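Look over the sequence and the model before reading on.

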Amino acid sequence: MTRFTRNLVPALCLAFAAAAFAQTPAPPAGTPPAGAPPAGQQQRPRGPRPAPTNLKALPKDTTGDQVNTIMHGFEGALGVECEFCHARNPETKRNDFASDANPKKDKARLMIKMTETINTQFVSQLNNPKAENPVTCGTCHRGSEQPAVFVPKPEERGPRPAAPAAPAATPK
């Protein structure tokens with residue numbers, strides 16, 4: 001596998017994980033959001049997250065809430081936390097999400113574009129233009145920072161079975 005291919009796969013995985021998570025249905029009405037404080041405790045009202053800056057692989061009109069959802073999807077698909085791709089601000093000791101200081105962020109952007117390309121240019125050409133199972137980060141990473149190398153099962157390594165014989169022509 002070439003270095004280009006190894007670097008390209010995670011980006012595509014990220015892109016399609018983002019697409020998959022963007023289509024996740026909303027929870028039923030009255031269901032408290034994940035991470036909500038227990039009943040009886042006060043929760044601070046909060047407005048929408050601020051508009052993200054420095055978006056290069058995601059659409060420029062993606063909202064802060066959408067980016068947050070997408071990024072949590074990437075976390076699950078790769079089994080990592082925010083710090084994996086995002087650099088810390090040395091002054092505030094918090095993640096600087098707009099910073100490009102972490103080189104893994106550029107690799108992630110490339111992988112996002114790769115999965116998008118695979119889905120739009122290749123998977124879409126299969127039987128159905130809107131594939132039910134698009135390629136995502138999880139397709140290769142399966143919850144692991146580095147995708148495992150594919151090794152065929154031992155029984156698949158042997159010679160292939162002979163092609164079935166053509167039916168005998170019947171005389172007319």
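Helices here are DSSP runs of type H or I with at least four residues, and strands are E runs with at least two. The model is predicted.

Q: How many helices and strands are there in the chain, and which pattern does the chain follow along the sequence?
A: The chain holds 4 helices and 2 strands. Read along the sequence, their pattern is α-α-β-β-α-α.

Q: How many disulfides does the structure hold?
A: A disulfide needs two cysteine sulfur atoms within 2.5 Å. For Cys82 the closest cysteine sulfur is that of Cys85, 9.1 Å away, so it is too far for a bond. Seen from Cys85, the closest is the sulfur of Cys82, again at 9.1 Å and too far. The number of disulfides in the structure is 0.

Q: Is Cys85 buried or exposed?
A: Buried means under 20% relative accessible area. Cys82, at 25%, is partly exposed. The relative accessibility of Cys85 is 17%, so Cys85 counts as buried.

Q: Which residues is Ala98 in contact with, leaving aside its neighbours within four places in sequence?
A: Ala98 is found in the loop between strand E2 (95–96) and helix H3 (103–122). Its relative accessible area is 29%, which makes Ala98 partly exposed. Ala98 and Leu55 are 43 residues apart in sequence, with their C-alpha atoms 8.0 Å apart in space. With those sequence neighbours left aside, the contacts of Ala98 are Thr53, Asn54 and Lys105.

Q: What share of the residues of the chain count as buried?
A: The chain has 172 residues. Its accessible surface comes to about 13,100 Å², with 58% belonging to carbon and sulfur atoms. The share of residues that count as buried is 26%.

Methods. Residues numbered from 1 in each chain as written. Predicted model: local features only at pLDDT ≥ 70, side-chain atom pairs only at ≥ 80, totals over all residues. Heavy atoms only, no water. Buried < 20%, exposed > 50% of the residue type's maximum accessible area, 1.4 Å probe, protein only. Areas by Shrake-Rupley, 256 points an atom, 1.4 Å probe, with all protein chains shown as cover. Contact = heavy atoms within 4.5 Å.
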